[in-house]
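Please read the following report alongside the sequence and the model.

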Amino acid sequence: MDTLEIIRSLAVIIIFSKFFGLCARKIKAPEVAGEIIAGLLIGPSVFNFVQKGDFIAGMAEIGVILLMFSAGLDTNINQLKKSGIKATILACVGVAVPFIGGFLLYSYFYGFSKPGSEHFTIALFIGCILTATSVSITVQALKELGKISTEVGTTIMSAAIIDDVIGIIVLTAVISTKSSNTSIGMVAFKTILFFVLVLILGYLCFRLMEIIDERYPKTRRIPILGLFLAFSLSYIADKYFGVADITGAFCAGVILSSLRDSDYIERKMDINSYMIFGPVFFTSIGLQTDLKKLDMTILLFSICFVIVGLLCKVVGCGITAKLEGYNLNDSLKIGVGMMTRGEVALIVAQRGIKYGLDSKFFTSVILLIVISSILTPIILKALYAKEESVVETNA
């Protein structure tokens, strides 16, 4: 993709994403839903105005890193401590139920196979794809609703981060069935080591930023240093520890969330995210989908794949949240908030293709990402609107 093509693509993405985002807001739907639909329209499914090249993919990755950094900045540490145990239990169930559901779904369609066989490994990969939770869509929806720092919002973000860590270990376990070079114990060790590093480095960085913030309050060097920390932890997490880069960005935000000027950093981040990187990220989800390639065989599997993928998260996490003491409405919010899939599911699918997963299943994954990304913010908004109407009625 040459420079002129990149400029043209960005112009198309920005105008379409903002137009459909505003249309979504007019009908009281979240803007992100409109931006994803914009991606479907300008992508290969309809008009094919934009192709997702390496540059667009890179900008989309920066977009999700900025979004998760902002989510970390907006995190209430006290709420995070309170929801720690609950979030861990939610994450474990949120991985186990979809994994079993995906395994059984593939086995039902293509037959149950003996452990060690190719079909058995593919069934494991299908289950592994469904374990991944992408909280970025949920984060944006909660930010729009002003609910990201609530107990429910913090629980969803915490559970999704822990879910991501468990998902990496599960993926490694699945890959180990085909590769003798992968050590599950080593991945678990590196993951734990990363969070130990975050605790130590986080404390030192926070103290340093606290001194700088006190000396130079409300100056641009504060958000610049914050952004440096976000990108650095993202790189270190993925490059050296095998942890998703968005986890590193989120941790960077949490480290700085108690700074006096954390809201100032967040405002500066939101400018970049709202203007260009956010729209590119959300639009890129639609750009990856080509609905023209669907045939009846894979279409039926894809429909069931989407249904199982959504229900396993909602039911598994929703019931667990109810057992943990949340009311029915909050339990539904948590279940719905955990059902989005995104870049992690795509990474798992890409790894699966290397180990025997047919590329035709990639369409199923894309459909799950698109549908869950559109439905999640819409349903969340409806649940919060219902709650507010009940409060007004009781008042």
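## Basis of the report

The model is predicted, so local features are described where pLDDT is at least 70 and side-chain atom pairs count only at pLDDT 80 or more, whereas totals for chains, interfaces and linings use all residues. Residues are numbered from 1 along each chain as its sequence is written, and side-chain values use heavy atoms, with hydrogens and water left out.

## The chain as a whole

The chain holds 16 helices and 0 strands, these being DSSP runs numbered from the N terminus, with helices (H or I) of at least four residues and strands (E) of at least two. Its radius of gyration is 21 Å, close to the 21 Å that the globule rule gives for 395 residues, so the chain is as compact as a globular protein of that length; the radius is taken over C-alpha atoms, and the rule is 2.2 Å times the number of residues to the power 0.38. Along its principal axes, the C-alpha trace spans about 65 × 55 × 45 Å.

Of the 395 residues, 53% count as buried, where buried means under 20% relative accessible area, exposed over 50% and partly exposed in between (1.4 Å probe, protein chains only). The chain exposes about 17,600 Å², of which carbon and sulfur atoms supply 67%, with areas computed by the Shrake-Rupley method with a 1.4 Å probe. Among contacts (heavy atoms within 4.5 Å) between residues at least 6 apart in sequence, 81% join residues at least 24 apart.

## Helix H2

Helix H2, residues 31-42, has 12 residues and reaches 17 Å from its first C-alpha to its last, close to the 16 Å expected, a span defined as 1.5 Å times one less than the number of residues. Because 10 of its 12 residues are buried, H2 is largely enclosed by the rest of the structure. Among these buried residues are Glu31, Glu35, Ile36 and Leu40.

## Salt bridges

Side chains of opposite charge can pair when their charged atoms come close. A salt bridge here is a side-chain nitrogen of Lys or Arg within 4 Å of a carboxyl oxygen of Asp or Glu, and by this rule the count comes to 9. In one of them, arginine 8 meets glutamate 5 at 2.7 Å, N to O; the two residues are 3 apart in helix H1 (residues 3-26), about one helical turn. Arginine 8 is partly exposed at 35% relative accessible area, and glutamate 5 is also partly exposed, at 23%.

Glutamate 266 forms a salt bridge with lysine 143, their closest N and O atoms being 3.0 Å apart. Glutamate 266 lies in helix H12 (residues 262-287) and lysine 143 in helix H7 (residues 136-145), so the pair ties together parts that are 123 residues apart in sequence. Glutamate 266 is buried, at 12% relative accessibility. Also in H12, arginine 267 and aspartate 263 are 4 residues apart, about one turn of the helix, and salt bridges that share partners join Lys143, Glu266 and Asp270 into one network.

## A buried glutamate without a partner

Glutamate 324 is found in the loop between helix H13 (296-323) and helix H14 (328-337). Glutamate 324 is buried yet has no salt bridge, and the nearest side chain of opposite charge, lysine 86, is 6.0 Å away; Lys and Arg count as positive and Asp and Glu as negative, while His and the chain ends are not counted. Leaving aside neighbours within four places in sequence, glutamate 324 is in contact with Lys86, Ile89 and Leu90.
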